[in-house]
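Please find below a short note on the structure shown here. The points follow in numbered order.

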Amino acid sequence: MTPHQFKRVLLHVRYELNRYQTALQKLESCEFPSTIALTLVSEQQATCLAANADLDQIEADRVDDPDGAADRLVSEFRKMVSRRRYLEVLEKARSDEVPWSLVPSIETLARQILPGYQVLITTTPDMNYMIGWGGNSVTIYLPRLHRANGFLHVLIGHELFHPIVTDFFVAEKPKYRPKLRDLCQQHLAKMGVPADLFFQQRLDALLDHATQQWEKAITELMCDMGATALFGPAAIWTLSGFAATQEMNSPPTPQSQYYPPWRMRIRVVLDFLERKLGAGDLLDQLSIQLEQVGLAEHSTALKSSVSEEQMTFGSNDLASEPLRELSVQVYDLVEECISDAGDFVVAKASQFPKRWSETLQEIPLLLGRLMMNVPPSELIEGQKQESKAASMTGIVMACWLERLRLEKSSQLELDTFHRLCRLMLKAIEDAELKRNFSDWAATK
Amino acid sequence: MTTEDLRRIDELVHSADMAVRVASQLRLWIKRNQLGDPDSLKESLRFLDEALSGGRFVATGDVASASSSLSPLTWSADIRFGFAQPSMPSPEKKQYEELVDFLGSIRETIDNVLSNTPPQAESVESAARFFSQLGKLLGGKADSALRSPAGGTQMLQDRFSYQ
């Protein structure tokens, strides 16, 4: 890099940093539902100050190491480009951009299953849910377009498990890595077969690929199980609806970021629901309760929906899919690990006391309100003057059952669905407010 | 449903930055005989430890090294072996052991620089050259990843081909 190019790039980076700092200052005056937003703004401001000091040092070092200074300068520019997404994340975390009625409830849920983390909720133009984490903060990305679709927001349960499952790999990776290495070595020994998936002949690269495939499959399956442990069948109905918009048998390749096939994911969570969460008995009890209070249609919808999902996703999908030899073998190791993964998830989910299995008794009461177009936010028992706040999992299950009933009777039109979404979000908001007030009143 | 792309981009940007800073610090150390940014060198030791651990596991199947990330190793192997072509044979155990020895010697050089034990100028130059190449390799990957949101998946394509 010539001296005049160096000066030009240096000025460019300084200018971009200056603009970035100005944008952060503007964000300081915005309103956010999450308290962590302003902490992140401050952190970014500190990063800018450090970057300016680094630029001074690079300029000073240029005399003795012109090439190194040029490389470091380009790296500073790269970091600046990488940093720009914080602005987008923070701008879209403002109160007018997020489903703010959900935010306090998600924060409460996150505090219980992710103790020590602060949560920032933001929106993204992607039609997908995502999570990022680092230090003591977690950022949850919700699709901007359907921010009022409370049913899909159940997928937040999946996202919240991503930081949790990393602990699982500390113990499991050393057990499975040698098996993956053996598979890769055997695969390399058979190179040259025309149907081989991999041309690559380096053991380290192939092992890296196989490890990513294995780890990604376990991670996604555990997060699906996590959402199911929190929200029960409601999570499976949501996952199934989300999956229906995508290729069910998509193989786990780098192009698909190694995501496991949806058909397998749903099959695994259905099995988890039955075997690890004992859903069969719990749902039978719920059905009986619903029938006893005159909600036979809901009871029928519940039973038929679970069995329909089992029929749709019950087949052993992988054997029939176009996965190549190594991927099939890697997925055999995934299957080997699923039971332990399920136990780990059950243990972690138990930190959330109001998970679906503990709130089923709320559902008949909440459905009574919902059918009168009243937000199912509180539980009024008998002649009592005071009511209790409904739990988020109870509200979600009740809304899903009402949706299933409407679907079965072909009454679920777009306007009915909008109303149901609004009732769900309103109930979650009201219940959280009521719970906070009750907690506050109890201390007085 | 994760920010997988973003995490990979962050890892690349961060590792590329570490590499160019270390290369520059080593060259400055030869000229000035003093260290301005010891943190970057300490960071490079963590990188090398991961690469060494990964290398030992790939070469010998050593279970004690089975939990390490393979990224530092594969990046180092990209530099040492070059990018494999379909016609090239797989590096053998011996070549992985040589890679481990090479990374170990770089680690020793950096350790010496950090502890003020004067290493040979030649070994410092060799270490600087390695980190300079690493910076270029990772910087290129990071740049293409930053250009498009789908870059995160493209990053791996230089190592694999699919039918």
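1. How many of the seven residues of strand β3 (residues 137–143) of chain A are buried? Five of them are, so that β3(A) is mostly covered. A residue is buried if 20 or more other C-beta atoms lie within 10 Å of its own, exposed if 12 or fewer, and partly exposed in between, with C-beta atoms placed from the backbone. Helices (H or I, at least four residues) and strands (E, at least two) are DSSP runs, numbered from the N terminus.

2. This is a predicted model: local features need pLDDT of at least 70, side-chain atom pairs count only at pLDDT 80 or more, and totals for chains, interfaces and linings use all residues. Residues are numbered from 1 along each chain as its sequence is written, and chains are lettered from A and ligands numbered from 1 in the order in which they are written.

3. Strand β3(A) pairs with β1 (residues 118–124) of chain A in the parallel sense, over seven bridges; pairing requires that DSSP find at least two bridges between two strands. Within β3(A), A:Pro143 lies opposite A:Thr124.

4. With β2 (residues 130–134) of chain A, β3(A) pairs in the antiparallel sense over five bridges. A:Ser137 of β3(A) stands opposite A:Gly134. Two residues separate the strands of this hairpin, and A:Gly135 takes a positive phi near 60 degrees.

5. Helix α8 (residues 233–243) of chain A is mostly covered, with nine of its eleven residues buried. Among them are A:Trp237, A:Leu239 and A:Phe242.

6. Chain B has six helices and zero strands. Of its 163 residues, 43% count as buried.
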